[in-house]
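Let us walk through this structure step by step. Keep the 3D view open as you read.

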Amino acid sequence: MEIEEYVKNILNDIKSGGIDAVSEYSKKFDGYGMPFKVPESEFAEANELIPEYQKDIINRTYKRIYENHAIQYNNDKVRFSRGSIYGIRYTPIERIGMYIPGKKPLPSTVMMIGIPAKIAGVRDIVIVSAPESNGRVNPYTLYIAGLLGIHEVYRIGGVQAIGSMAYGIGMKKVDKIFGPGNSYVNEAKRQVYGFTGIDGLYGPSEVMVISDGTAKDEYILADLNSQLEHGITSKAWLLTTGKAISTAGNERIGVMVFENMDELISKANEIAPEHMEIQAKDPMEIFTRIKNAGAIYIGEYAPVPAGDYFLGVNHLLPTGGTSRFSSALTVDDFMKKTSFASVSREDFMADRELGLELAKIEGMPLHYKSMEARL
Ligand SMILES: N[C@H](CO)Cc1c[nH]c[nH+]1
């Protein structure tokens with residue numbers, strides 16, 4: 001069965017069967033059914049389980065991510081004209097859901113979503129994550145949830161978790177769903193879009209290294225291999241104006257050699273990778289000419305895994321060439337932008353004729369009347 005059909009069937013089943021259907025699917029895929037809500041005692045256990053030095057590591061990482069995201073906060077933007085006020089008001093989304101893969105847990109992702117959400121001012125945050133083999137949600141996920149003040153965590157994974165958040169099964173419906181997942185989770189996000197918002201559709205991880213031939217082979221290889229670790233469908237490319245390096249028989253790495261940097265940059269922009277590293281004598285010059293990439297890591301000391309974990313930049317990034325039109329996760333993704341206008345009589349009357357004529361052009365007599373009625 002096509003994945004689209006398969007996911008649609010599960011979503012339909014849980015829409016009509018409710019919490020019992022979610023429980024059935026959870027038993028089938030994760031080996032556990034109800035109850036789903038993680039009790040407070042499990043947060044306390046997670047806290048006990050994690051050694052102090054690791055808590056310190058997490059706290060320091062949290063601080064770096066917080067500092068790098070706090071600068072993104074947008075205040076309302078207004079313009080005053082002839083006694084009128086025109087602007088954009090930023091309002092946090094009220095309730096969001098975070099999907100955290102449970103089978104191969106990525107607790108770092110809890111920080112990458114939770115921290116910008118907090119900065120934006122999101123009031124309610126829910127986490128769904130499939131249980132590990134002991135039936136518990138990953139303790140690091142719970143510890144970080146605690147740091148973020150999140151206590152609504154459900155041990156549900158897969159398509160049924162996305163459906164539960166979107167349709168409000170076993171929990172209050174969320175306004176927007178965030179987080180990466182496998183192709184089934186992605187398809188489920190795609191299908192519930194409209195019922196709720198979604199952050200994006202994240203495909204297999206990708207890395208591109210751009211070199212002018214001066215980068216160290218050892219660094220290049222280590223960085224390319226790092227993202228291939230995510231799975232068999234992950235992609236890695238080296239684009240160089242130097243000589244082709246030996247990829248040690250790893251045919252998953254694509255090596256492209258260019259005559260000059262102009263040709264290289266044009267190819268890099270065409271591929272539009274999720275992660276791009278620039279390792280060259282003058283990396284900033286190349287950086288200014290890159291248009292399409294989810295994240296760009298500049299210089300020898302910015303390997304992608306450092307960005308994945310501790311630099312503080314976000315690791316939820318557009319994949320599959322979608323960085324041509326979409327962006328890294330930012331505080332803005334947790335906010336709505338509402339345009340507003342408070343209009344003075346003077347301003348309205350001065351330019352009313354513009355609206356009247358446009359209403360005529362579009363053949364909208366009732367639009368015309370609404371504006372004409374004002375005295
Ligand atoms: N490279 C992944 C996608 O950008 C993020 C991640 C999480 N943990 C390790 N890596």
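**From aromatic pairs to core and ligand**

Phenylalanine 29 is partly exposed, because its relative accessibility is 35%. The cut-off matters here: a residue counts as buried under 20% and as exposed over 50%. Keep in mind that this is a predicted model.

Now look at the partner of this ring. The whole structure holds four aromatic pairs. In one of them, phenylalanine 29 stacks with tyrosine 25. Where do tyrosine 25 and phenylalanine 29 sit? Both belong to helix H1, residues 3–30. They are four residues apart, so about one helical turn separates them. Tyrosine 25 has a relative accessible area of 13%, so tyrosine 25 is buried.

Go on to another pair, phenylalanine 178 and phenylalanine 334. Their ring centres lie 4.3 Å apart and their planes are at 10°, so this pair is stacked too. This pair links distant parts of the chain. Phenylalanine 178 is in strand E6 (residues 176–178). Phenylalanine 334 is in the loop between helix H11 (304–309) and strand E13 (335–342). The two are 156 residues apart.

Phe334 leads us to the largest nonpolar core, which has 38 residues. Phe334 is among the members that touch the most others, along with Ile96, Met98, Ile113, Ile127, Ile150 and Val153. Several elements supply at least two residues each, including helix H3 (52–70), strand E3 (95–99) and helix H4 (107–120). H4 gives the largest share, eight residues. In soluble globular proteins, nonpolar side chains tend to be buried together.

Last, turn to the ligand. Which residues surround the ligand? They are Leu106, Ser108, Ser205, Gln227, His230, Glu274, His275, Asp308, Tyr309 and His315. By class, this shell has two nonpolar, six polar and two charged residues. Look at the polar atoms. Histidine 230 places a polar side-chain atom 2.9 Å from a ligand nitrogen atom. For aspartate 308, a polar side-chain atom also lies 2.9 Å from a nitrogen atom of the ligand. In histidine 275, a side-chain N or O atom is 3.2 Å from a ligand oxygen atom. On its own, the ligand has 290 Å² of accessible area, and the protein covers 89% of that.

Methods. Residues are numbered from 1 along each chain as its sequence is written. This is a predicted model: local features need pLDDT of at least 70, side-chain atom pairs count only at pLDDT 80 or more; totals for chains, interfaces and linings use all residues. Side-chain values use heavy atoms; hydrogens and water are left out. A residue is near a molecule or strand if one of its heavy atoms lies within 4 Å of it. A polar contact is a pair of N or O atoms within 3.5 Å; within protein, one must be able to donate a hydrogen and the other to accept it, and residues adjacent in sequence count only if both atoms are side-chain atoms. Accessible areas come from the Shrake-Rupley method with a 1.4 Å probe; for residues, only the protein chains shown count as cover. Ala, Val, Leu, Ile, Met, Phe, Trp, Tyr, Cys and Pro count as nonpolar, Asp, Glu, Lys and Arg as charged, and the others, Gly among them, as polar. Rings of Phe, Tyr and Trp (its six-membered ring) pair if their centres lie within 6.5 Å; planes under 30 degrees apart count as stacked, over 60 as edge-to-face and the rest as tilted. Buried means under 20% relative accessible area, exposed over 50%, partly exposed in between (1.4 Å probe, protein chains only). A nonpolar core is a set of buried Ala, Val, Leu, Ile, Met, Phe, Trp, Tyr and Cys residues joined through side-chain atoms within 4.5 Å.
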